[in-house]
Amino acid sequence: MAEIIHPFYEAHRGAMEAAMRDRLDLAEAMLRERAQLSEIDEIRREVMDEFEVVLTQMPYVGGAASRMSDFFMRLMGFMAISRVLRRHGVPVPVIGEIERETYKAQLLTAPEAERLASGRQFMSPENQALLREQAARSATESHQTEFPEDFVYDFVEPDTGDSFEFGINYKACGFCKLAARHGDKDILPNICGLDFVAYAARGIRLERTQTLAGGASHCNFRFSRLAPDEKAES
């Protein structure tokens, strides 16, 4: 029996596949030079085929009502890239470097003004209020029963002397759950590394000293605004 893609992800499938093709275009030179791969057209086909598999594995966590749905849609494609490159014997650290640089290049194709506006919206009091609300909901028994593959997290207020504006402690991670289920624990840190790229492109400094993927009790995300001379392009 064929695996089924959830209708929410099916509705966004075209955009996700287009993003994957763009990433592969951006990664081509690195795949040749750093991964020492020559059959790039075959690698492309393998990655897109693996992405079809990934689409069937993506957990549904509430669709548009959940901020974490966007995380899955933006980052799960890198799981497909990691799996294929791993099969071709590319070292995991090299895979991580290629993915981070590819993602940065892709994010920076958006106009700077647009990216920074998105960052300001993320740091805004209105969004912080939404994050508090969704964090509280993520920890409820009813939510965890309905969406067992979702993230569970707390909103963190800064204390006296703290340099960050707010934080999030992720106590359960949807990517960790999926990686454990499908044998991807070794490539999971590469997905974690993409967070720094994603926030920097929007003018946000992410500080994080531990992750669930690294064996910690939680991921400690701390957010503040990058100074003008710390733009993602630098």
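Colleague: What are the ground rules here?

Modeller: It is a predicted model: local features need pLDDT of at least 70, side-chain atom pairs count only at pLDDT 80 or more, and totals for chains, interfaces and linings use all residues. Residues are numbered from 1 along each chain as its sequence is written, and side-chain values use heavy atoms, with hydrogens and water left out.

Colleague: Start with H6. How many residues does H6 have, and what does it span?

Modeller: H6 covers residues 112–123, twelve residues. From first C-alpha to last it reaches 17 Å, close to the 16 Å expected at 1.5 Å a residue. The expected span is 1.5 Å times one less than the number of residues. Helices (H or I, at least four residues) and strands (E, at least two) are DSSP runs, numbered from the N terminus.

Colleague: Which residues of H6 are buried?

Modeller: Arg115, Gly119, Phe122 and Met123. Buried means under 20% relative accessible area, exposed over 50%, partly exposed in between (1.4 Å probe, protein chains only).

Colleague: Why do those sit on the same side of H6?

Modeller: Because they cover an arc of only 95 degrees around the axis. The arc is that of the directions from the helix axis to the C-beta atoms.

Colleague: And what does the face turned away carry?

Modeller: The exposed residues Ala113, Glu114 and Arg120.

Colleague: What covers the buried residues of H6?

Modeller: The cover includes helices H5 (92–107), H7 (125–138) and H10 (188–200). Strands E2 (166–172), E3 (204–207) and E4 (219–225) are also among the covering elements. Contact here means heavy atoms within 4.5 Å.

Colleague: Next, H7. What does it reach from its first C-alpha to its last?

Modeller: H7 has 14 residues and reaches 20 Å, close to the 20 Å expected at 1.5 Å a residue. Asn127, Gln128, Leu131, Gln134, Ala135 and Ser138 are buried in H7. They fall within an arc of 125 degrees seen down the axis, so they line one face of the helix. On the other side of H7, Pro125 and Glu126 are exposed.

Colleague: What covers the buried residues of H7?

Modeller: The cover includes H6, helix H8 (141–146), strand E1 (152–156) and E2.

Colleague: How many residues of H10 are buried?

Modeller: Ten of its 13, so to speak "mostly covered". Among them are Leu188, Asn190, Asp195 and Tyr199. The cover over H10's buried residues includes H4, H5, H6, helix H9 (174–182), E3 and E4.

Colleague: Switching to the core. Which residues touch the most other members?

Modeller: Met58, Phe175 and Phe223, out of 65 residues in the largest nonpolar core. Helix H4 (residues 68–87) gives the largest share of this core, twelve residues. A nonpolar core is a set of buried Ala, Val, Leu, Ile, Met, Phe, Trp, Tyr and Cys residues joined through side-chain atoms within 4.5 Å.

Colleague: What does Met58 touch?

Modeller: Tyr9, Met16, Phe72, Met73, Met76 and Leu178, not counting residues up to four places away in sequence.

Colleague: And Phe71, is it buried or exposed?

Modeller: Phe71 is buried, with a relative accessible area of 12%. Phe71 lies in H4. Leaving aside neighbours within four places in sequence, Phe71 is in contact with Met76, Phe175 and Tyr199.

Colleague: How many cavities of 30 Å³ or more?

Modeller: Three. A cavity is a set of points on a 1 Å grid, over the protein atoms alone, where a 1.4 Å probe fits but cannot get out. Grid points are joined across faces, edges and corners, and a volume is the space filled by probe spheres set on the points.

Colleague: What lines the largest cavity?

Modeller: The lining has 14 residues, and Phe151, Cys173, Phe175, Asp195 and Phe221 lie nearest the centre. Lining residues have an atom within 4 Å of a point.

Colleague: Last one. Where is Gln36 found?

Modeller: In the loop between helix H2 (13–33) and helix H3 (40–57). Gln36 has a positive phi of about 55 degrees although it is not a glycine. Gln36 is exposed, with a relative accessible area of 62%.

Definitions and conventions. 1 Å grid on protein atoms, 1.4 Å probe; cavity = no way out; pocket = protein on both sides within 12 Å on 5 of 7 lines; lining within 4 Å.
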